[in-house]
Amino acid sequence: VTALMWFTRDLRVNDKPALRAALDRHERVVSLFCFDDRLLGGRHASGPRTQFLIECLSELASALRHRGSGLVVRRGRPERELATLARELDASEVFVSDDVSPFARRRVKAVGAALAETAAELRPTEGLFVADSLRAIETTTRDPRTVFTRFHRTWSQQPRRELARLRVPAGTRVEAPAW
Amino acid sequence: VSPRELESKLPRGDGASAYARQLCRRDFYAQILLRFPANARSEYQDRYRGSIRWSRAEKRFDAWREGFPLVDAGMPIVDHAAARRDALERYRATV
C-alpha cells in the first residue's frame, strides 16, 4: 500500500518522524513538495528565501534519490494537489509534520477536508520541535507557560523522542521504491 | 539536522546548556503561537493590543529591507509570527 509524505518545512530525511512513520507502515512512500503561490508571492515575496528553498529541495530530492526514491514537485493549492496525487496513487495515508502557525493549521485543515473525498487519511505527526508535546507544557492551572524561564524548566524535563533515523543508509536501494 | 538531533548531540557544560536554552526558545515561541494564534496578527500583551498605531507605509517598509538574505528571509517571520524578533534585531544590528 502507498503513503504520501507531504513535505512542508524541515526538508530532511533524518529525524523526520512523519517520514519514519510512513516508511514503517507502507510498502511504497511517495514524497511530495507543493509550491504554494501564497508563500512565494505577495507582500512577503523574497528572492533569497525562494532561492534557499529551491536549494533545500534539491538537496532533499538527492537524499531521497540516494535511497532509491525521489521527490514529486507540484505547484498549486496543496489541498488540490494532494487530493489529486492521492487518487492517482491510490494512497491510504498522507503524512505531514504537525505545525503551529495559523497559516499551517488552516492549510492542514483544508488538506484534511480535501482528502476526506479520497481514500487517504491525513496523519499530522510530531517532529518539528525538540519536545513533542508543546501543549503539555502548562501551569498547574492548565494555562500556557508564558514566562520563558518557567517554560524552560518544564521543557527540560519533558520526555524526548528517540531520533527517527532511517533504517537504510544512503546508497542502499531498499525502501521507498522509486515512483 | 533537526533541533532534537542537535540537542541529543550536546556535550555537558555551560556552553551546551546555553545552546539548549536557545533551542528551547524556538519551542517556546512555537508554543506561544500554538496557544495564541492571534499573535500572528495582533499584539501579544493585553495592554498593547489594538492600542499601537502601526505605520502602514509600504515604501518605507521596502526601504527598510536591506537586501541581506538572512534579514529578508527573517522579514516574513517578524511580520507574520512575531517570532524571534529579538534575535533578528540582534542580527540586523551586526550587519
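**Note on the interface of chain A and chain B**

1. The contact (heavy atoms within 4.5 Å) draws 34 residues from chain B and 36 residues from chain A. This is a predicted model, in which local features need pLDDT of at least 70 and side-chain atom pairs count only at pLDDT 80 or more, while totals for chains, interfaces and linings use all residues. Residues are numbered from 1 along each chain as its sequence is written, chains are lettered from A in the order in which they are written, and side-chain values use heavy atoms, with hydrogens and water left out.

2. About 3300 Å² is buried between chain B and chain A, and carbon and sulfur atoms give 60% of that area; buried area is the accessible area (1.4 Å probe) that two parts lose on being put together, summed over both. Of the area that chain B buries against chain A, R4(B), L34(B) and R35(B) supply 21%, more than any other three residues.

3. Between the two chains, chain B and chain A, the count is 2 salt bridges, each a side-chain nitrogen of Lys or Arg within 4 Å of a carboxyl oxygen of Asp or Glu. The side chains of R35(B) and E138(A) meet in a salt bridge, at 3.0 Å from N to O.

4. Helix 2 of chain B, with 14 residues, gives the most to the side of chain B that touches chain A; helices here are DSSP runs (H or I, at least four residues), numbered from the N terminus.

Conventions. Helix = DSSP H or I, 4+ residues; strand = E, 2+ residues; numbered from the N terminus.
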